[in-house]
Amino acid sequence: MGFQRSSNRQKVQPGVSDLSSNERAPNSCHPVINGSAVSDDANYSSWMVDHPSALTSFDQMMKDAKGKKIVVFLDYDGTLSPIVNDPDRAFMSDEMRAAVREVAKYFPTAIISGRSRDKVKGFVQLNNIYYAGSHGMDIMAPPRPVRSSEGKYHTVSLDRKGNEAVFQPAQKFLPSIQKILTELEEAIMKIQGARVENNRFCVSVHFRQVRDEDYGILEEKVKSILKHYPDFRLGWGKKVMEIRPSIEWDKGNALEYLLDTLGLGNCTDVLPVYIGDDRTDEDAFKVIQKRGRGYPIVVASSPKDTKASYSLHDPSEVLTFLLRLARWRKASSSSRSLSQIWGVGS
């Protein structure tokens, strides 16, 4: 028995690299649904019928979750922090940090981001949660036995204190990633507004501040470099091109891996809550949909194709949802937190 809503409207699973030229354009102002540009105001209300607010649905969601084990997964950019022009200034508010800290007192909590693990941890500054960077290709998790599935997971190594295990399935690609970084920085240095970000196991090329007339040149330069690296693929996020190793690993795999390391992978009473706003989060939504149990929640202020069952309008609504979730658990449980039960450090 699952607790996610089913939709009568067909949803398209968007791949990371299947965007049309209109969606890739740096200043596109309308969402694209099933290939057609639409007006936000005209379609958002009807879209909400299939993706109701997680705030208005909260009481029913928690009623269904009673007696179940909730595990919380969060994206960072656009979910816990607003999307900003300068990626180095995507700071989360003190209120959001306090809310995530409070949620983690009661539920195992992880942040799965496209940023490098160290960078997102520097933004969040919390020690009672797990971090997965580079779209799940760099995970710091509990050193518990991992369920084996014909070599599904690579060997993990303990940190210096032996308290957590580092899982990095794309480690062999690091030398190539460094070469790509160097070539990209040299190739785009004269394109105003373009910026290369080293996310360790993937590379981001930001074009939010690139002029429309320069975008085609930027994309051509990036693609010309990648022609020499067949083991990598190019994808698009929100005003960003992302270069990643071509391995079968994404945020959905990271969600499953974390559940397994927590000893919850095969439990039928576990409800993953995943909140994210980007196309890479769709891989995690798809995993929850396949499990048949859990709450995939998309952060969106306009209609979009998604596998999520619920929605939140923006990071401010994410904040409200997290605070309500913590208050709900606090009111319905003893003073002993679930984080103590599942071994999350404080």
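Mentor: A residue is called buried when its relative accessible area is under 20%, exposed when it is over 50%, and partly exposed in between, with a 1.4 Å probe and protein chains only. By that criterion S134 is buried, with a relative accessible area of 0%. The model is predicted, so local features need pLDDT of at least 70 and side-chain atom pairs count only at pLDDT 80 or more, whereas totals for chains, interfaces and linings use all residues. Residues are numbered from 1 along each chain as its sequence is written, and side-chain values use heavy atoms, with hydrogens and water left out.

The protein has 11 helices and 15 strands, where helices (H or I, at least four residues) and strands (E, at least two) are DSSP runs numbered from the N terminus. Of its 346 residues, 55% are buried. Contact here means heavy atoms within 4.5 Å. Among contacts between residues at least 6 apart in sequence, 67% join residues at least 24 apart.

The part to examine closely is helix α3, residues 58–65. Its residues F58, M61, M62 and A65 are buried. Viewed down the axis of α3, the buried residues fall within an arc of 90 degrees, so they line one face of the helix; the arc is that of the directions from the helix axis to the C-beta atoms. D59 and K63 are exposed on the other side of α3. The partners of the buried residues of α3 are β3 (69–74), β13 (270–276), β14 (295–299), β15 (310–312) and α10. After α3 comes G67, with a positive phi near 85 degrees.

Two packed helices are described by the angle between their axes and the distance between the axes. Axes are lines fitted to C-alpha atoms, for helices over the stretch in contact, and angles run from 0 to 180 degrees between N-to-C directions. For α3 and α10 (residues 315–332) the angle is about 40 degrees and the axes are 12 Å apart. That makes α3 oblique to α10, given that angles under 35 degrees count as roughly parallel, over 145 as roughly antiparallel, 65 to 115 as roughly perpendicular and the rest as oblique. The crossing of α3 and α10 is right-handed; a crossing is left-handed if the near helix is turned anticlockwise from the far one by less than a right angle, and right-handed if clockwise. On the α3 side the contact is made by F58, D59, M61, M62 and A65, and on the α10 side by F321, R324, L325 and W328. These residues divide into seven nonpolar, no polar and two charged, where Ala, Val, Leu, Ile, Met, Phe, Trp, Tyr, Cys and Pro count as nonpolar, Asp, Glu, Lys and Arg as charged, and the others, Gly among them, as polar.

Helix α10 also packs with α4 (residues 94–106): their axes come within 9 Å and cross at roughly 30 degrees. The crossing of α4 and α10 is left-handed. From α4 the contact takes in E95, M96, A99, V100, E102, V103 and Y106, and from α10 it takes in P315, V318, L319, L322, L323, L325, A326, R329 and K330. By class, this contact has 12 nonpolar, no polar and four charged residues.

S53 lies in the loop between α2 (40–50) and α3, and at 9% relative accessibility S53 counts as buried. Setting aside residues up to four places away in sequence, S53 touches M48, S311 and E317. The C-alpha atoms of S53 and H313 are separated by 7.9 Å, although these residues are 260 apart along the chain. S81 is placed in the loop between β3 and α4 and is buried, with a relative accessible area of 0%. Apart from neighbours within four places in sequence, S81 is in contact with Y76, A90, F91, M92 and P315.

Lastly, S134 itself lies in the loop between β5 (130–133) and β6 (138–141). The phi of S134 is near 55 degrees, a positive value in a residue other than glycine. R200 likewise has a positive phi, about 70 degrees, and is not a glycine. R200 belongs to the loop between β9 (195–198) and β10 (203–206), and at 33% relative accessibility R200 counts as partly exposed.
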